[in-house]
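Q: Could you take me through this structure feature by feature, giving the general idea before the particular case?

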Amino acid sequence: MFRRREPVPFAFLAEADRFRSNVAPPPPERASLGQMAGRWLLGLTIVAALVGSLVIGMPALTLDHSAQNQQSQASQGR
């Protein structure tokens, strides 16, 4: 490996943290009425899909006690 003969000054890195630009970025554009309505509609659709899947999936998660009683009565009748 070759070594440099002169040291590299890293003082500019320390100065870069303190540097502040006097040029302000442009302000963000406001969303139009159509964009806001689209965002609301998308959010409402996602929430409705989550609630719908929960409502449809709840019967599959509940225990059916009548099916267990019928099975136990059938096994006793043998």
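The dialogue below turns to confidence, secondary structure and surface.

A: This is a predicted model, in which local features need pLDDT of at least 70 and side-chain atom pairs count only at pLDDT 80 or more, while totals for chains, interfaces and linings use all residues. Residues are numbered from 1 along each chain as its sequence is written, and side-chain values use heavy atoms, with hydrogens and water left out.

Q: What is the mean pLDDT of the protein chain?

A: pLDDT is the predictor's confidence in each residue, from 0 to 100. Here the mean for the protein chain is 77, with 56% of its residues at 70 or more.

Q: Is Leu-50 buried or exposed?

A: Buried means under 20% relative accessible area, exposed over 50%, and partly exposed in between (1.4 Å probe, protein chains only). Leu-50, which is found in helix H2, is exposed, with a relative accessible area of 57%, and of the 78 residues of the protein chain 0% count as buried.

Note on methods
Helices (H or I, at least four residues) and strands (E, at least two) are DSSP runs, numbered from the N terminus.
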